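Subject: the structure we talked about

Hi,

Here is the structure I promised to pass on. Have a look at it first, and then read my notes below.

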Amino acid sequence: MKLTRRSFVAGASAIALAAPATIGRAQDGKIKFVSILDQSGGLDIYGAPMVETTKMAIDDINAAGGLNGREVELILYDAQSNIQLYTQYATQAAAGDRADTVHAGITSASREAIRPTFARFNTLYFYNTQYEGGVCDFNNFNTGSTPAQTVAKVVPYVMNKWGKKVYIVAADYNYGQITAQWMQKFVKDNGGETLGVEFFPLDVTNFGPTIQKIQGAKPDLVISALVGGAHVSFYKQYAAAGMNKEIPIASTTFGVGNEQTLISPEEGEGLIAAYSYFEAVDNPVNKAFLERLTARLGPGRPTMNELSVRSYEGAMLWAEAVKAAGTADRAAVIEALRAPQSYTGPSGVVTIDPQTNHAVQNVYIAEVKNQKFEILESFSDQPPADTQLVCDLNANPNQNTFLFENGLEAAGIKL
Amino acid sequence: MGGSLRELRPTLVWALIGVIFTLFAPSVLQLFTIINLTTAIALAVLALSLALVWGYGGILCFGQVAFFGLGAYAYTIGAINFGGSTWAILVAVMVASAFAAALGYFIFYGRVSDVYLGVITLTVTLILYSLIRRTSGPEYKIGNALLGGFNGVSSPPLNAPWDARAILFPEQVFYVAMAALIILYVFVGWLVTTHFGRVCVAIRENETRAELLGYDTRLYKLGIFTIGAGVAAIGGVLFCNGVGRVTPDVFSLYNAALTIIWVIVGGRGTLIGPIGATFGLFYLTASLGGQSVFNNNLVLGIILILFVLLVPKGVAPTLIDWTRRRSRPAGRERRRRRARPEGGA
Amino acid sequence: MDQVAALVIQLAYGVANLALISLGLAIIFGMMRVINLAHGEFLMLGGYTVVVATNNGVNLWIAMLILAPLVVGVIGVVVERLLIRWLYGRMVDTLLATWGLSLLLIGIVTSIFGASTATTVSVPIGVIRIGEYSVSGYDLFLIGVTLGLLGAVYAVLKLTKLGLVARGTMQNAEMASALGVSTSRIYMITFGLGAAVTGLAGGLLAPVTGVLPTIGATYIAKAFITVISGGASILAGTAAGSVLLGLVNGIFSFLTGPTFGEVALLLAAIVLLRLMPRGITGRFFRKSL
């Protein structure tokens, strides 16, 4: 039998929804932009700034006269760091609000929970978060950076700078596991050696035993993919044991929760990270963006990082595509996005890669100096090479899968 | 054996209201509400199971979500491996009940009770939480099903019995969920009027006295604990159908505490109370997420605190007291001396 | 040899850490039979007090040792007067009330300070070298403070009139009341004291952990399990529970990694409660405090 779950459900719901869908998505009236992010609960250190920049993006679009003469209406849902609420709001956005696009999700768990809903109800979906790569979905645009963009750059950089022996610490979930695999691969590719890999549940706050193991292993550097509020303790305890002066740390996760401000200047000094955006990015668009943001939210505004800036740029990419397509209709907008659509935002030029529906983007390596990042090196137009290994939507558009669920085996990478 | 029909009457009235709601809801409510209601119904089944175990069995199980989550995981893994949901549901109920029986044996025959029992069940839940979150590598696989760690596993939808190709639409899953809730509600309502149920209530009121009367209290507690786990597992099956995915979050402290809160808010010693409270709090958290004026934690916290102070017994017992007082003000004193309403609702 | 010495300090720190985060909960639970689910948020408030105070130029030591317990102690008294005192004898209802309180406190702090607050607090004591290994001097300081705190609570309970009255109230509130003790006042003081100890713990941990409004959730389960495993007596229970669980956690974390360290801690608690259904002090040291 060839009747897959997806096609069956999609077909069935298309019949069930046919009538309301045509009424609901009428061409007059407002264009509906739904955002589902965690504004409360443990993930709010990521979600709260993303909500602010999303609001700013929609205000900017409307201030410039809307899209094709129509106003854009922003509907915000707070998923309260709860996967179950993500599914509920996704269903509500797609089947109830009849959103023209939904920008949602911070953790991969939330993305995987809601992606099928948007596929089922044919609702254009953006995921504007840095993640482990591997989503291959025609309906889903993943604009955040992936390991081949950041890890691939930062690992050789710090190995040249500090040495070849590496110790990896990472958060114990799929993002951390897969990122740690990429780290091991790039360490090996650059002629280095991984002395140890250790994973931490997200609520661990005592890192003493691990710090001792690191002291025993004597690596040249530590690479961290630790995530969330509790893991901030690692950097503090590492510094308390005097280690930050002996064995430096590089990271691909330090900074998206603005961790550099949660530890003291001495503790964070010299830590190196790689993202597609830092506040220190030097271009006029970024300068103007930050000025307008400060004017909007006051001097106490949150520090901008890849997640919050990409939320803004993701919304803008979509808006540009709606303008190019002349309609907010899903199929036309997807076609316009894959044309491919570009947008020059605070992080530089972001372009959709039609092979994967990911983004070609700039990558920056930066160092923490007095609770701020200073850029050391920039790389322009980095492709999502990891996802490109496994995904080709040009050849096979009818896809809706997360290919790295199994780790990197899907990409033929063995460690 | 079995309670008289008179005692079951309130239960059957509520069940009838449920049936009427089920029949008319899809034509009145929007599709997304119907789909999301499946999740609420699943949680209501979980609340029902704790209402039985705690409200009638007197067992303060802080880890009822353990059985709920095990049910959800067992169903998902089973359905992926069997390619259909029929056997998976049975497996889910059996896994959760067997686990509860083993844990219950460990607890009740070790004479652990009171708050210590609460802590053991909570600790078991947290162990499951830690372990299942650890399974994010490709090596953690049961048959064809990856466990997926923190990200969880996507759950295959229910299908018609024995026909794996007849996958149910979300609306149909709603009917199945409502049917399950109503049937389980009537079943539990009946169970507490049986001899078994009465002995359990007696043990709740005074364990020593029940023991001196010759009942093996350990066995009765084990029985009601295991049945409660089976009911919770069905809730788990419905839950992963409503959400479309099962993640380790089902075992989290937050959800463990939330289950207790539904029963406290609804009222211990009733069944319809916790079910109603679940729907109420579900609606509340869902609608809070749509506003961004106040922090959601702030609003929910204030509501819960005011609730404890103003409605100390829980909604259902308060309402029952209130209606009785209004209807027969003269007999107030006599009724006050009576224990909690037994077959009340 | 160096490694063994460093490991021993590390294990001792793990034990002290557990005792520190549990002691306030043990006081409130042991004396009043109130399960305080907002315990994690009291720790968080202690940490926030330190962060906010130091950001406004207050000396770190004053912020940690004086302001944190003072602020959280006052909050504890207010909470007891407004909320907890209506709920004595209704242990289960305190679960719901303190759960609500925990959400409320997170909500208030987030509304005032945002999802995260920048800090400049760093560990105030230098590094101690043991051959090739180094440990934080602050870890040793925390071990000392924990011992001192246990000693102080012991002294208050054992040597002062307040302690005597409080223990009397704990054993038989009605009798104490009949003898002219204002039990309501004792409860208020005890709850305030428990909150103050928790605030102090939160303040002391601020330099070595992240301080965020939602951080309380990472402590509550562990503190709760330690207290219950310890059993009814406040000091001996907390000490025994922390030693046992802290050692298990530390050793397994070192041998196998942090996940199984956590699981080993939880398993140890289960086995312990099965063997001693009333906690360690339900069987041993029964006469202790």
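Let me start with a strand pair in chain A. Strand 7 (residues 165-171) and strand 8 (residues 193-200) of chain A run parallel and are joined by seven bridges; strands count as paired if DSSP finds at least two bridges between them. Helices (H or I, at least four residues) and strands (E, at least two) are DSSP runs, numbered from the N terminus. In this pair, Val166(A) sits opposite Thr194(A) of strand 8.

Residues are numbered from 1 along each chain as its sequence is written, and chains are lettered from A and ligands numbered from 1 in the order in which they are written.

On confidence: pLDDT is the predictor's confidence in each residue, from 0 to 100. Chain A averages 88, with 93% of the residues scoring at least 70. The part to watch is residues 1-27 of chain A, where pLDDT stays under 50 and the model has 18 contacts beyond four places in sequence. A contact is a pair of residues whose C-beta atoms, placed from the backbone, lie within 7 Å. Where pLDDT is low, the predicted coordinates should not be read in detail.

Chain A has 13 helices and 16 strands. The C-alpha trace of chain A spans about 65 × 55 × 35 Å along its principal axes, and 61% of the 415 residues are buried. Buried stands for 20 or more other C-beta atoms within 10 Å of the residue's own, exposed for 12 or fewer, and partly exposed for in between, with C-beta atoms placed from the backbone.

Chain B comes to 14 helices and four strands. Its radius of gyration of 20 Å is close to the 20 Å that the globule rule gives for 345 residues, so chain B is as compact as a globular protein of that length. In chain B, 56% of the 345 residues count as buried.

Then the interfaces. Chain A puts 37 residues in contact with 37 residues of chain B. On the chain A side, helix 3 gives the largest share, 10 residues. That side divides into 17 nonpolar, 14 polar and six charged residues. For these classes, Ala, Val, Leu, Ile, Met, Phe, Trp, Tyr, Cys and Pro are nonpolar, Asp, Glu, Lys and Arg are charged, and the others, Gly among them, are polar.

The contact between chains C and A takes 40 residues from chain C and 39 residues from chain A. Helix 1 of chain C brings the largest share of the chain C side, seven residues. The chain C side holds 18 nonpolar, 20 polar and two charged residues.

Cheers

Methods. This is a predicted model: local features need pLDDT of at least 70, side-chain atom pairs count only at pLDDT 80 or more; totals for chains, interfaces and linings use all residues. Two residues are in contact if their C-beta atoms, placed from the backbone, lie within 7 Å. The radius of gyration is taken over C-alpha atoms; the globule rule is 2.2 Å times the number of residues to the power 0.38.
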